[in-house]
Amino acid sequence: MALIKCPSCDARVSSVASQCPECGFDLAAGMADEETLRTLRNRRYRDRMYVLKMLSFAAMAIAMIGAIPMLFHYINAIEAGIPAQLMDHWGVYLVGIGFVFYLIVRVRMLSMKSAHRRGQ
Ligand SMILES: [Zn+2]
């Protein structure tokens, strides 16, 4: 008994299994069908890209939630004639977290995109 990769979800499954225990993919019927595999791979890629896109929007939202009150804080400080320090406001941390989060998601998207083009 050997372990093979499920063509649908990449989970390691037994070569004697007729169905993938992770995603229920029919291993006995699906193995020979290139067209089905390509369709499944494309669908999985689209689903993952969609999740990543949503995560990148969430990252931008986090940065915005920090940036807007931070901006008002600075404007108020300038109007009051008080010198505003960059690290004064909690918003700067949210902007930082959102920005790093966004970069990680974008890098992940790029690597997935190139892996998909290579046909993995
Ligand atoms: Zn599977």
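**Figure 1. The salt bridge between R44 and D10.** A search of the whole structure finds 1 salt bridge, a term that denotes a side-chain nitrogen of Lys or Arg within 4 Å of a carboxyl oxygen of Asp or Glu. It is formed by the side chains of R44 and D10, with an N to O distance of 3.2 Å. The pair links distant parts of the chain, 34 residues apart: R44 belongs to helix α2, and D10 to the loop between β1 (3–5) and β2 (12–14). Helices (H or I, at least four residues) and strands (E, at least two) are DSSP runs, numbered from the N terminus. Side chains of opposite charge can pair when their charged atoms come close. R44 counts as buried at 15% relative accessibility, whereas D10 is partly exposed at 36%. Here buried means under 20% relative accessible area, exposed over 50%, and partly exposed in between (1.4 Å probe, protein chains only). D10 also has a positive phi of about 70 degrees although it is not a glycine.

The model shown in these views is predicted: local features need pLDDT of at least 70, side-chain atom pairs count only at pLDDT 80 or more, and totals for chains, interfaces and linings use all residues. Residues are numbered from 1 along each chain as its sequence is written, and side-chain values use heavy atoms, with hydrogens and water left out.

**Figure 2. Confidence along the chain.** The predictor's confidence in each residue is given as pLDDT, from 0 to 100. The chain has a mean pLDDT of 87, and 93% of its residues reach 70 or more.

Figure 3. S56 lies in helix α2, which covers residues 34–79. S56 is buried, with a relative accessible area of 2%. A polar atom of its side chain lies 2.8 Å from the backbone oxygen of K53. With residues up to four places away in sequence not counted, S56 touches Y102 and V105; contact means heavy atoms within 4.5 Å.

**Figure 4. A nonpolar surface patch that includes F57.** Y50, V51, M54, L55, F57 and M60 form a nonpolar patch on the surface, with about 560 Å² of accessible area together. Such patches are made of residues with over 30% relative accessible area and no salt bridge; like charges are joined within 9 Å, and nonpolar side chains (Val, Leu, Ile, Met, Phe, Trp, Tyr) within 5 Å. Accessible areas come from the Shrake-Rupley method with a 1.4 Å probe; for residues, only the protein chains shown count as cover. F57 lies in helix α2 and is partly exposed, with a relative accessible area of 45%.

**Figure 5. Y45 and its contacts.** Y45 is a residue of helix α2 and counts as buried at 16% relative accessibility. Leaving aside neighbours within four places in sequence, Y45 is in contact with M112, K113 and H116. The C-alpha atoms of Y45 and H116 are separated by 7.4 Å, although these residues are 71 residues apart along the chain.

**Figure 6. Q19 in the loop between β2 and α1.** Q19 lies in the loop between β2 and α1 and counts as partly exposed at 49% relative accessibility. Its contacts, not counting residues up to four places away in sequence, are G24, F25, D26 and L27. The C-alpha atoms of Q19 and D88, 69 residues apart along the chain, are separated by 57 Å.

Key:
Polar contact = N/O pair within 3.5 Å; in protein donor to acceptor, adjacent residues only side chain to side chain.
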